[in-house]
Amino acid sequence: MSDREHSSDGLAVEHHFENADQQYQSAKLGMWVFLATEILFFGGLFVAYAVYRANHPEVFVFGHHFLDKNLGALNTVILICSSLTAAWAVRAAQLKQIGMLKLMILLTMLCAFGFMGVKAIEYNGKWKHGLLWAGQYDPHVEDHGEVSHDVIGEEIPENAHVEVVTEERVVETSPAQPAADADRSAIAPAAEGPAGLAAPGSAEAEEAGFEIEPANAQIYFSIYFLMTGLHGIHVLGGIGAFVWLLLCARRGYFDGGHFTRVDMVALYWHLVDLIWIYLFLLLYLID
Amino acid sequence: MAEEISAPGGDAPVDHTASDDNYLTHGKGILSWLFTLDHKRIGVMYLVAILSSFFLGGVFALVLRTELWTPGQTIMTADTYNKMFTLHGAVMIFLFIIPGIPATLGNFVLPLMLGAKDVALPRLNLASFWLWLTGATFAVVSIVVGAIDTGWTFYTPYSTTTNTAVVSMTLGAFILGFSSIFTGLNFIVTIHKMRPEGMTWFRMPLFLWGIYSTAIIQVLATPVLGITLLLLIAERTLGVGIFDPSLGGDPVLFQHFFWFYSHPAVYIMILPAMAIMSELISVFSGKHIFGYKFIAWSSIAIALLSFLVWGHHMFTSGQSGLMNMIFSALTFSVAIPSAVKVFNWLATMYKGSIRLAAPMLYALSFLFLFAIGGLTGLFLGSLSTDIHLHDTYFVVAHFHYVMFGGTVIAFLGGIHYWWPKMFGRMYSERWAQVSAFLIFVGFNLTFFTQFVMGSHGMPRRYYNYLERFTAYHQASTVGSFVLALGFFIMAGYLLHSLVGGEKAPANPWGGATLEWETTSPPAYYNFKHDMQAGDPYDLDALQWDPQTKGYVRKDPRSVLLSAGEAS
């Protein structure tokens, strides 16, 4: 017994729907509701971000200096382009332009891989300098040969090959700064830097762009890795969905103009793109 | 796409001689069940799986009550006791009561009530069942590899430091959450897109309103639990420090996240129970439901308010006084839509001709027990009394009066109401009454004593207790075994009905909703004809037919979609 009937326009209609339109509308509503659950899923992390940023703004100001705005911006551009190609793929499927559809899916996947590549470069840099989530947070710089838990001497070397405008930030491990350690458990330093609390001599350091690590700076990196990591998993899921679409296209599934699947994956992809834009704003562009 | 209208049976939408080709016999072998896309089979598989979880959780409960027979050690060590109450809670909440009514009765009845052939997304429906099985497997693994002793709430920082199997249990709950999300999503789409001709939003059976409100909460609240449990897992495996104070995190944030889901979750549990109640009360009072729109809107109101009250779980967690006051006031406001429902049900019963069949016995139990459970919630919602009652047996008793006395009792009522439809057999009414009576008495003996000892200061989750609480604990334990006896009898007569029960008519109770317009058990594709819906509570449109021992429509064509034109 066949569970499918074919309506006049050649679209497969499942047995429990009255017509192709009801089927398409159901899929679309289902997808939108799913996207709502995705927003709430990420919502937990955004709330965690908001709570910690409201309580410890200095941690975020400090931490974001270690992210490379240029790489973040590059990834933003890549994802926006991929949203364009994804939307184009939907149009191509509607117009039954199978060649164009395949091309657009491939371009979207290329962007997705490009995004993950850039992300890998960024993660690698963090890994090398121990700028990881709280449990593995162990900042250090090989160049100076000294490892310090309290103070970071960091030149952001992983950005050296990119055209980076960020100034160098070096914090000196000076014996004249015992305050830094004591502060960790007491009052967190102000967001603007150590001016009022720091030991004499650090004023120069501040002028030179030096900065003292505030207490609990590791929380910033925890949130950074959680948010970008969860987003990265969604990008990988998107790549999987695009591979599936390509296989469908090869089987000739879209030849009859049955574009629902492309439309649904594209909707998901737009959301992944949108969430990244928020992540870029919230994590990279803090001042 | 109308099926052949001139099928045997003439004009009657219901062929009363149930055909041998129904959903139970259509396709044979275990694989035809495990990979079915049929909502009815998925509903029945859920029923088996969920009642098995209920049995498992019940065994844990009896073990707990036995341990509490005497102060100090009775049958197990304190560590084992901690694991037992955690497993009782986790199994009952995540495996049984959250999926409970929507996944079993919802799956089975919802498309039938819509006169539809299936839910809108049948593959997703099967996927959600498989997710449930996967999640349940993780939960069972965690029981086997050393259980978990944090309480079902997984509060940090204890849950990040204990060496029990927190990760596998929370991973199980995480996966079960997605099962719940997909069920809810499916129901939302189905109700929006697949209502039959004539069924406007305000001509839907109230069961659908309740399931729809539940689905909204499932879809909007469960993802937050998902991310919370994921963070907890990340905390334990990587040490991300979001909830761990030793890494700069905030353990109270976990409580906020957890209750942002878990308070709405208690409405995921109670709303479908209220949904069943509206059907039972109307049908067994022989009267049109009173205050239809109020009941419908109160479901939506409860769903929305449920998101605004989570802070009442944290009155003693160091929230600011202002927050406490706001959460307390919002908590009281939930009582309004709940009371609206109860008063409308009472008004429906007023001057009705009430039949005390088994489903109605459960409906009456619900009214009585839910009233106690709901009103004691106000004691806990007001700040001054809560400080005294917080974390005592009073909370345990309140929770069980709402969840067991409310949800489980209505679930049982629903099972008895739709059992003939699901399996085509009638159960023994006499034994059903005995069992309903034992459950009612056993339940009150178990939990009313807990109100008393709670108000006298007996803390919850304690292994040991003062001598003066012994009598209460022993009464409670006796009650729990009476309760178990009631369930034992129920299992007996329900299983017996499957083989030895009388054949059920299409409409044994006289309900006017569309699921009664097909055979018992329903055909594979549910209905022979395309259906249209009228007033779901117009019980006068039906009359008793002594030949089939069931109810039939006075005008069978009234539920057919333009019978003439379709042929």
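In this predicted model, P157(B) sits in the loop that connects α5 (122–144) and α6 (158–161) of chain B. The bond between T156(B) and P157(B) is a cis peptide bond, with omega about 0°. P521(B) belongs to the loop between α16 (470–500) and β1 of chain B. Most residues other than glycine have a negative phi, and most peptide bonds are trans.

Two lysines of chain B have backbone angles to note as well. K351(B) has a positive phi near 65° and is found in the loop between α11 (321–349) and α12 (358–381) of chain B. K549(B), with a positive phi near 55°, is part of the hairpin of β1(B) and β2(B).

| Residue or bond | Angle | Value |
|---|---|---|
| T156(B) to P157(B) | omega | about 0° |
| K351(B) | phi | near 65° |
| K549(B) | phi | near 55° |

In that hairpin, four residues lie between the strands. Strand β1 (residues 542–545) and strand β2 (residues 550–553) of chain B run antiparallel and are joined by four bridges. D545(B) is placed opposite G550(B) of β2(B).

Next come two helices of chain B. Helix α4 (residues 100–113) packs against α7(B) at an angle of about 20°, and the axes are 11 Å apart. Because angles under 35 degrees count as roughly parallel, α4(B) is roughly parallel to α7(B). The crossing of α4(B) past α7(B) is left-handed. On the α4(B) side the contact involves P102(B), A103(B), G106(B), L110(B) and P111(B), and on the α7(B) side T183(B), F187(B) and T190(B). Sorted by class, this contact has five nonpolar residues, three polar ones and no charged ones.

Chain B also touches chain A: 30 residues of chain B are in contact with 28 residues of chain A. On the chain B side, α7 (166–193), α8 (206–237) and α9 (251–285) each supply at least two residues. Of the elements, α8(B) gives the most, with eight residues. The side of chain B that touches chain A is made up of 20 nonpolar, seven polar and three charged residues.

How confident is the prediction? The model has ipTM 0.91 and pTM 0.88. Chain B has a mean pLDDT of 92, and 96% of its residues reach 70 or more. For residues 1–11 of chain B the pLDDT is below 50, and this stretch has 17 contacts in the model beyond near neighbours in sequence. Where pLDDT is low, the predicted coordinates should not be read in detail.

Note on methods
Residues numbered from 1 in each chain as written. Chains lettered and ligands numbered in written order. Predicted model: local features only at pLDDT ≥ 70, side-chain atom pairs only at ≥ 80, totals over all residues. Contact = placed C-beta atoms within 7 Å. Nonpolar A, V, L, I, M, F, W, Y, C, P; charged D, E, K, R; others polar. Pairing = 2+ DSSP bridges. pLDDT = per-residue confidence, 0-100. Axes fitted to C-alpha atoms, helices over the stretch in contact; angles between N-to-C directions. Parallel < 35°, antiparallel > 145°, perpendicular 65-115°, else oblique. Left-handed = near helix turned anticlockwise from the far one by under 90°.
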